[in-house]
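Please examine the sequence and structure shown here.

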Amino acid sequence: MQARAFHGAGIAMYQQGEYDTASHAIRKAIDKLPDNAEIWLSLSASLAKEHKIEEAKAAAVRASKLDPMVKEHLLQGLLEDLDTALKDAPSPQSKQDRNEKDSENL
């Protein structure tokens, strides 16, 4: 039960933008439940917000090894992020138009 309390506290801190505190609480949850993929995934998200990318990646890999569904979840999230990036990216034509305008201003 203590692991769930630490995990819950970590999630609450994460939601408040206190990522370092969140990671600390989530690590305490992992100490109690080291084979829980959900907790490892939470740690990954918190570490990513702290810009600790290698640690975040390692935590995500650990989560995906513990639960194959996590791997599918991560892949789906990545695909959604890529779709969003494609929608937000300027079209090749608008990029060409900007380059032409820049050339005219020289």
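Does Lys-52 count as buried, partly exposed or exposed? With a relative accessibility of 33%, Lys-52 counts as partly exposed (buried means under 20% relative accessible area, exposed over 50%, and partly exposed in between, with a 1.4 Å probe and protein chains only).

## Basis and confidence

The model is predicted: local features need pLDDT of at least 70, side-chain atom pairs count only at pLDDT 80 or more, and totals for chains, interfaces and linings use all residues. Residues are numbered from 1 along each chain as its sequence is written, and side-chain values use heavy atoms, with hydrogens and water left out.

The protein has a mean pLDDT (the predictor's confidence in each residue, from 0 to 100) of 85, and 85% of its residues reach 70 or more. Confidence is highest in helix α2 (residues 19-32), at a mean of 97, and lowest in helix α6 (residues 92-104), at 59. Helices are DSSP runs (H or I, at least four residues), numbered from the N terminus.

## Salt bridges

Three salt bridges are found in the whole structure; each requires a side-chain nitrogen of Lys or Arg within 4 Å of a carboxyl oxygen of Asp or Glu. In one, the closest N and O atoms of Arg-27 and Glu-55 are 2.9 Å apart. Because Arg-27 belongs to helix α2 and Glu-55 to helix α4 (residues 53-66), this pair ties together parts that are 28 residues apart in sequence. Arg-27 is partly exposed at 35%, as is Glu-55 at 38%.

Glu-50 pairs with Lys-52 in a salt bridge, at 3.3 Å between the closest N and O atoms. Glu-50 is buried, with a relative accessible area of 18%.

Key: Helix = DSSP H or I, 4+ residues; strand = E, 2+ residues; numbered from the N terminus.
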